[in-house]
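Visitor: I would like to learn how to read the packing of helices and the pairing of strands in a model such as this one. Could you take me through it feature by feature?

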Amino acid sequence: MKSRRQEIILEIIEKQAVGTQEMLIELLAERGIKTAQATLSRDIQELSLVKQHDADGVVRYTLPAEAVNEKNIFEESVLSVDYAMNTIVVKCRAGMAQGTCAAIDSAAHHDIVGTIAGDDTIFILVRSEADARRLAKKFMGEIFPKRQGLK
């Protein structure tokens, strides 16, 4: 059932713009598949789906192969970057944190211990405060190349 559900999820997002889990749950139900939000969340994570703007500017779920590279997704979605101790906090436009977090994860920064994303905020745990400072500055340089300070 899980593999069939995930196949249908991929079919749905390929054929139409789906920007929320609620919408995806409704579209699955229309196809006779009832699923809980937590199950859908796991499916989205296992399929490595990300949210990005399509050609029409609509935010939608896509496969990572269709996603933009890390620099472009940062420019498009990140509003601010700051750190405290060994944790980096990335504030994003609403609905963009998970896709941005997936881009960070796929880049496999060796200093990152782990990441977690909500709707508009990402927490990045790194090994030390020095790593947090360096990586936060790197992220800021990708978003705002002419801006030196954080926030």
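This is a predicted model: local features need pLDDT of at least 70, side-chain atom pairs count only at pLDDT 80 or more; totals for chains, interfaces and linings use all residues.

Visitor: At what angle do H1 and H3 pack?

Guide: Helices (H or I, at least four residues) and strands (E, at least two) are DSSP runs, numbered from the N terminus. Axes are lines fitted to C-alpha atoms, for helices over the stretch in contact, and angles run from 0 to 180 degrees between N-to-C directions. Under 35 degrees counts as roughly parallel, over 145 as roughly antiparallel, 65 to 115 as roughly perpendicular, and the rest as oblique. Here helix H1 (residues 2-15) and helix H3 (residues 37-46) pack at about 70°, with their axes 11 Å apart, and the two are therefore roughly perpendicular.

Visitor: Which residues of H1 and H3 meet?

Guide: Contact means heavy atoms within 4.5 Å. On the H1 side there are Lys 2, Arg 5, Gln 6 and Ile 9, which meet Thr 39, Leu 40, Asp 43 and Glu 46 of H3. This contact has two nonpolar, two polar and four charged residues, where Ala, Val, Leu, Ile, Met, Phe, Trp, Tyr, Cys and Pro count as nonpolar, Asp, Glu, Lys and Arg as charged, and the others, Gly among them, as polar.

Visitor: How do the axes of H2 and H3 cross?

Guide: The axes of helix H2 (residues 21-30) and H3 cross at roughly 100° and come within 10 Å, so H2 and H3 are roughly perpendicular to each other. Gln 21, Leu 24, Ile 25 and Leu 28 of H2 meet Gln 37, Leu 40, Ser 41 and Ile 44 of H3, and by class this contact has five nonpolar, three polar and no charged residues.

Visitor: Which residues of H3 are buried, and what covers them?

Guide: Buried means under 20% relative accessible area, exposed over 50%, and partly exposed in between, with a 1.4 Å probe and protein chains only. In H3 the buried residues are Thr 39, Leu 40, Asp 43 and Ile 44; seen down the helix axis they fall within an arc of 140°, so they line one face of H3, the arc being that of the directions from the helix axis to the C-beta atoms. Their cover includes H1, H2 and strand S2 (59-62).

Visitor: Where in the sheet do the strands stand, and which are at the edges?

Guide: Strands of a sheet pair through backbone hydrogen bonds, either parallel or antiparallel. Two strands pair if DSSP finds at least two bridges between them. Four strands form an open sheet here, in the order S3-S4-S6-S5, with antiparallel pairing. Strand S3 (78-84) and strand S5 (112-117) are at the edges, each with a single partner strand, so one side of each is left without a neighbour in the sheet. From one strand to the next, the twist averages 15°.

Terms used. Residues are numbered from 1 along each chain as its sequence is written. Side-chain values use heavy atoms; hydrogens and water are left out.
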